[in-house]
Amino acid sequence: MGVATARTITLQGASGHVIDVQVDVSQGVVKTAMVGRPDASISEARDRCRAAVTNSGFEWPATRRVTILLSPADLPKRGPHFDLAIAVATLAASGKIPVAALAGVVFVGELTLDGRLRAVPGVLPMAMAASARDLGCVVVPEPQAEEASMIPGMTVLGARSLAQVVAILRAEPVPDAAPVQPLAPGPLLSWRGEHRIEEVDLSDVLGMADAKYALEVAAAGGHHVMLSGPKGAGKTTLAERLPGLLPDLTLEEALELSAIYSLAGCLPPGQTVMTRPPFRAPHHSATRTGMLGGGSGRVHPGEVSRAHTGALFLDEFPLFQADIIEGLREPLESGEVTIARGDEIATFPARTMFVLACNPCPCGEYHPTNRDNRCECLEVRRREYRRKISGPIADRIDITRHVEPLTRREKDDPLCRPETSAEVRARVAAARERQARRYDGTGWRLNSAVPGPVLRERWPLPSEAERLVDDRVYAGTLTRRGATRVHRLAWTVADLRGVGRPDVNEVDTALRLRSGEPLMLSALGAVAG
Amino acid sequence: MSERVARAALSRLSEPGDVRLTTLVGRLGANRVYELLRDEQDVAGVYTDVAARLRGLDPARELADAAGKGIRFVCPEDDEWPRDLDDLDRAEPLQERGGAPLGLWVKGPRRLDEACHSAAAVVGSRSATTYGAAVASDLAAHLAEHGVGVVSGAAFGIDQAAHRGALAVKGLTVAVLACGVDRAYPSAHRGLLDYIAETGLVVSELPPGCAPTRVRFLSRNRLIAALARGTVVVEAAVRSGALNTANWTTRLNRVLMGVPGPVTSAPSQGVHELIRARGAALVTRGEDVLELLAPSGSFLAEVPRAPMLVTDLLDDRERRVLDAVPVTRPAGEDSIARTAGVAEPDVRAAMERLSGLGLVEQTSVGWLRTGQTIQR
């Protein structure tokens, strides 16, 4: 009899911690005790493991005292995936497996009573955490081996049952077992609208040159956009075309995003790595938990995190619950979302582009720059409606654009040739390339992520351009935070134009983009639609 | 040599708007002036300037070449010549440029005089905003739809927006260039100019092949002003070529109009100054322009009005009574009379009127405002 340690991972948000599952089998009062703050699903593991071990043809040390310690004890631990580590450590402690075989291996998997493995959510982030701690080998349920293999240099063993795992650890021939069901089965229905976003193109939209340019800048630097305009003007139409302007994800981004989807247990089957940036468009009736993350039991990533590296479109923004709007301040500013709950704090990445759309008033007809507006809302109601987006949220929006309905002259312009998404995407990719080179080794990818002080210190604006920004700050029409955001935006405009660094023109464009003022035609390129 | 060929030759020799030459031609005729120059007679110092250009000049062949490219040379003796251009001869020169052109090189299917008969020039800054471009386009589209040709300079910014607005409604537009009509300046507007040459007119004082220079733009601006009955300036910074066109418009006694922008916007500053101090009419819609260009009183723009409200029908006393009627708790006539400061019999009379309009209702304990809003 003796003691053995197997390792597994517990997740807190998107960060993982290595947990030692230490099992001691010794003489004493016959009892199986679990210590070290297990949650309900782990306490149940005792019963599952015992049945699984017995039904796999091994002997559970039922006549001994079995103490199972999960350490470090101060971390909350969740999830059924501790089963495999507990079973393996128990077998090792009772001498069925050489203790040395467990060194450097991380075990992830839920057990069924007959000793088979079940798939669990979050394998990818667990493998990432293991890799970060120099643990080079993971044992996972077979369908998820591919997911874990995305981590470079990781040895992944996919197993179907406890018996197979034991055989591998004993270096014996591996017995056969029934295949494990993947976590998210394919959809029962497939419908035409499923891939609608991939089929829309920017060239479908006539006119709206400045709103299109605004989206291009947003895509290039990862900036937040607010589109306002009367109903039916084309806000949604434009927003849906934003993902088409984004280049494929880099390997690093793909891993982060896939990790979030793995946590949510919704990695599309047959596709382990997400290669395209996500586009999420939750309805305004969404709950706070659904938007920001949380939930009972395991903390789920919310829509803001599922849109990480992509775009989050919030149509009719003022109709979202007030506490959701408040809760968006953090992801808008820092690109992450923290869910504090009891003794547990989970942080998820949420570096997404927010695209907020709102009508100019509750009825959607009012427009301050349209003299023919048919709005019948009282000014008080308009103010009420606008107040929800004013203040802290509005200040965190980089680009504001008014979308005017298409006019006849735009529709019938014989010389207008709208650009395709692919053409714009190429420019966006080039601009992102420039940013990647500039920020190489700093951990930032896009202008929108660079902290203000660092930006001012290392990538300042020329003094004349700086003065343009300062003038607005002193005039009280721009906040300090706004000035930083304009600074970042100016860099993106410069990156798109390929001019090396922003100067007066780029800052002017950035200020106009932010304030909603009309752009200079020359900013849009030669013959703009 | 015919007068036409001589004029073509002189247009090649001289810089556009050379007042010395136009005066000479007016006195002696183009043919005589050309002969004098060819014989190396230095009249008014012109020969010294053009000597280098005289060598190898073959005006007849040049006209034939131009015809081959679909370019015609329109002279004052032609039916197609817009008589309005002759006003230039009577106008004071500006920056030493002036006078009617010797002739115009024209490309396009329309007749120049008809195109310019009731035309409006829509001009403005190259560095325009999307606001200015949208306004210029809408304005031009509205004018073109009403049969008014749109004259402009095919430059970046407002000019191209004006042309395209007219083209969008399949209207007539005239581009006046500061280079040969076979050239595209700016080169990005090659497509635009080709399209205009197919449906409208591309016009220049300069023979084919000539390149644009600074002074040529200034001379060109006088033609834009002279070919149109009035000029609308949409966005011009304090230093803008469009202000030069505005000057010519005033000098020719044509209608000068300006479209305002935000008072804080630099590209609108020049226009605001035109309106503030130079007598330009403020226009915001195509209708406004039509009203100013049409013979006096023949077209009147509709004056924008606020929607009619029920309360507009009330007199002062009735209005005071209405304001005194409570919204939630009914009040008697005596109380209303006190609040409104109106005699009780008058209140009774007012109430009759107000309830007739559905603005108040009588309950068992007094009068109450109805839910009906004051909006119609």
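Val35(A) stands opposite Leu69(A) in E4(A). Val35(A) belongs to strand E3 (residues 31-35) of chain A. E3(A) and E4(A) run parallel, joined by five bridges. How far apart are Val35(A) and Leu69(A) in sequence and in space? They are separated by 34 residues in sequence, yet their C-alpha atoms are 4.9 Å apart. Setting aside neighbours within four places in sequence, Val35(A) contacts Thr67(A) and Leu69(A). Is Val35(A) buried or exposed? Val35(A) counts as exposed, because it has 12 C-beta neighbours inside 10 Å.

Strand E4 (residues 65-71) of chain A also pairs with E2(A). Here the strands run antiparallel, and seven bridges join them. One pairing sets Val23(A) opposite Ile68(A) in E4(A). E4(A) has two faces. Val66(A), Ile68(A) and Leu70(A) form the covered face. Arg65(A), Thr67(A), Leu69(A) and Ser71(A) form the uncovered one. So which face holds each partner named above? Ile68(A), opposite Val23(A), is on the covered face. Leu69(A), opposite Val35(A), is on the uncovered face.

## Chain A as a whole

Chain A contains 21 helices and 18 strands. Its C-alpha atoms fill a box of roughly 85 × 45 × 40 Å along the principal axes. Of its 529 residues, 47% count as buried. Now take the contacts in chain A with a separation of 6 or more. Residues 24 or more positions apart account for 73% of them. The contact between Val35(A) and Leu69(A), 34 residues apart, is one example.

How confident is the prediction? The average pLDDT of chain A is 87, and 94% of the residues score at least 70. Among the elements of the chain, helix H20 (residues 480-497) of chain A has the highest mean pLDDT, 95. Helix H6 (residues 196-199) of chain A has the lowest, 74. Where pLDDT is low, the predicted coordinates should not be read in detail.

## An enclosed helix

Helix H3 (residues 123-132) of chain A is largely enclosed by the rest of the structure, because eight of its 10 residues are buried. Which residues are buried in H3(A)? They are Val123(A), Leu124(A), Pro125(A), Met126(A), Ala127(A), Met128(A), Ala129(A) and Ala130(A).

After H3(A) comes Asp134(A), with a positive phi near 60°.

## The nonpolar cores

The largest nonpolar core has 241 residues. Those with the most contacts inside it are Val88(A), Val108(A), Val355(A), Ala120(B), Val122(B), Leu227(B) and Val232(B). H8(B) gives the largest share of this core, 10 residues.

Not counting residues up to four places away in sequence, its contacts include Thr8(A), Ile9(A), His81(A), Leu84(A) and Val120(A). Val108(A) also touches Val123(A) and Met126(A), which are buried residues of H3(A). Another core, of 14 residues, lies apart from the largest one. Among its members are Val321(B), Ala324(B), Val347(B) and Val360(B).

## The sheet of chain B

Chain B has an open sheet of nine strands with mixed pairing. The strand order is E1-E2-E6-E5-E4-E3-E7-E8-E9. Strand E1 (71-74) and strand E9 (281-282) of chain B are the edges, each pairing on one side only.

Within the sheet, strand E3 (residues 120-124) and strand E4 (residues 150-152) of chain B pair in the parallel sense over two bridges. Ala121(B) has Val151(B) in E4(B) as its bridge partner. Helix H11 (residues 214-227) of chain B packs on the sheet. H11(B) touches E3, E4, strand E5 (173-177) and strand E7 (230-234) of chain B. Its direction makes about 155° with that of E5(B).

## Where the chains meet

Conventions
Residues numbered from 1 in each chain as written. Chains lettered and ligands numbered in written order. Predicted model: local features only at pLDDT ≥ 70, side-chain atom pairs only at ≥ 80, totals over all residues. Pairing = 2+ DSSP bridges. Helix = DSSP H or I, 4+ residues; strand = E, 2+ residues; numbered from the N terminus. Contact = placed C-beta atoms within 7 Å. Axes fitted to C-alpha atoms, helices over the stretch in contact; angles between N-to-C directions. pLDDT = per-residue confidence, 0-100. Buried ≥ 20, exposed ≤ 12 C-beta atoms within 10 Å, placed from the backbone. Core = buried A, V, L, I, M, F, W, Y, C linked by C-beta atoms within 7 Å.
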